[in-house]
Amino acid sequence: LVQLRAAQHAGLRIPATLVSQEPTRIRSFCAAHPGAIIKPVATPRGIELTSTAVVSQELLDNEEVLALAPSIYQECIPGTRHLRISVVGARCDGALIEAEALDWRMDLTVPFRPYPLDSTLAQRLCATLHQLGLVMGIFDVKLTDDDEPVFLEVNPQGQFLFVEGLCGIP
């Protein structure tokens, strides 16, 4: 949530987000954002989530599980173009990953290629790091069909060397 606020303050678009364990609020949010995703804060017993997943009707129907622990619910940003952006100081290197999967990290056979960042996006990413008190971060951003970047998260110790191997960004 701190990251989302910092990114928004820096001028980046963020997905609509709810953190809750209140079934009524969760159902209302998911109705307003069909295809919403869940990012567990802590995985409730009986639910297997290892990463981001689409909220299922089975989960929405299970009041006890929804109420067990808070989770992060977000609007799903449609599209197949994901950016993995390494920012170190003022240097920004972007890679475009084209994948149908919500979480492309499970399939490193998807196409990776260098993606030149425009100065506005680079400036906003650097401002986000500054807001967070970081000098380095690996950003996950999704591009909408209209090429609008949507901030998903920044990993202060994110993996980046595999990107060099997959598309040659040093």
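Visitor: What makes S1 and S4 a pair, and in which sense do they run?

Guide: Keep in mind that this is a predicted model. S1 and S4 are joined by four bridges, in the antiparallel sense. The cut-off for pairing is at least two bridges, so four bridges qualify S1 and S4 as a pair. One of the contacts to look for is Ser 20, whose bridge partner in S4 is Ser 71.

Visitor: What makes the buried residues of H2 line one face?

Guide: The buried ones are Pro 23, Ile 26, Phe 29 and Cys 30. Looking down the axis of H2, they fall within an arc of 130 degrees, so they line one face of the helix. On the face turned away from that side you'll find Thr 24, Ala 31 and Ala 32, which are exposed. The cover over the buried residues of H2 includes S1, H3 (57-60), H4 (63-68) and S4.

Visitor: And H1, which of its residues are buried, and how do you know where they sit around the axis?

Guide: In H1 (residues 2-9), the buried residues are Leu 4, Ala 6 and Ala 7. Their arc around the axis is only 165 degrees, which puts them on the same side of H1. The face turned away from it carries Val 2, Arg 5 and His 9, which are exposed. The buried residues of H1 pack against S1 (17-20), S4 (71-74), H5 (119-132) and S9 (149-155). Just after H1 comes Gly 11, with a positive phi of about 100 degrees.

Visitor: Why is H1 called oblique to H5?

Guide: The axes of H1 and H5 cross at roughly 135 degrees and come within 8 Å. That makes H1 oblique to H5, because an angle has to be over 145 degrees to count as roughly antiparallel, and 65 to 115 to count as roughly perpendicular. The crossing of H1 and H5 is right-handed. As for who meets whom, Val 2, Gln 3, Ala 6, Ala 7 and His 9 in H1 meet Thr 128, Gln 131 and Leu 132 in H5.

Visitor: What is the order of the five-strand sheet, and what makes S7 and S9 its edge strands?

Guide: It's an open sheet, S7-S6-S5-S8-S9, with antiparallel pairing. S7 (112-115) and S9 each pair on one side only, and that is what an edge strand does here. Ignoring direction, neighbouring strands of this sheet are turned by 25 degrees against each other on average. H5 packs on the sheet, touching S5, S6 (91-98), S8 and S9, and its direction makes about 60 degrees with that of S5.

Visitor: How many bridges join S5 to S8?

Guide: Eight bridges join S5 (residues 81-88) to S8 (residues 136-143), and the two run antiparallel. Ser 86, for one, stands opposite Ile 138 in S8.

Visitor: Why is Leu 96 called buried?

Guide: Its relative accessible area is 2%, and buried means under 20%, so Leu 96 counts as buried. Leu 96 sits in S6. Among the residues Leu 96 touches are Leu 83, Phe 112, Tyr 115 and Leu 143.

Visitor: And Pro 78, buried or exposed?

Guide: Pro 78 has a relative accessible area of 54%, and exposed means over 50%, so Pro 78 is exposed. You'll find Pro 78 in the loop between S4 and S5, and Pro 78 touches Lys 142, Leu 143 and Thr 144, leaving aside residues up to four places away in sequence.

Terms used:
Residues are numbered from 1 along each chain as its sequence is written. This is a predicted model: local features need pLDDT of at least 70, side-chain atom pairs count only at pLDDT 80 or more; totals for chains, interfaces and linings use all residues. Side-chain values use heavy atoms; hydrogens and water are left out. Buried means under 20% relative accessible area, exposed over 50%, partly exposed in between (1.4 Å probe, protein chains only). The arc is that of the directions from the helix axis to the C-beta atoms. Contact means heavy atoms within 4.5 Å. Axes are lines fitted to C-alpha atoms, for helices over the stretch in contact, and angles run from 0 to 180 degrees between N-to-C directions. Angles under 35 degrees count as roughly parallel, over 145 as roughly antiparallel, 65 to 115 as roughly perpendicular and the rest as oblique. A crossing is left-handed if the near helix is turned anticlockwise from the far one by less than a right angle, and right-handed if clockwise.
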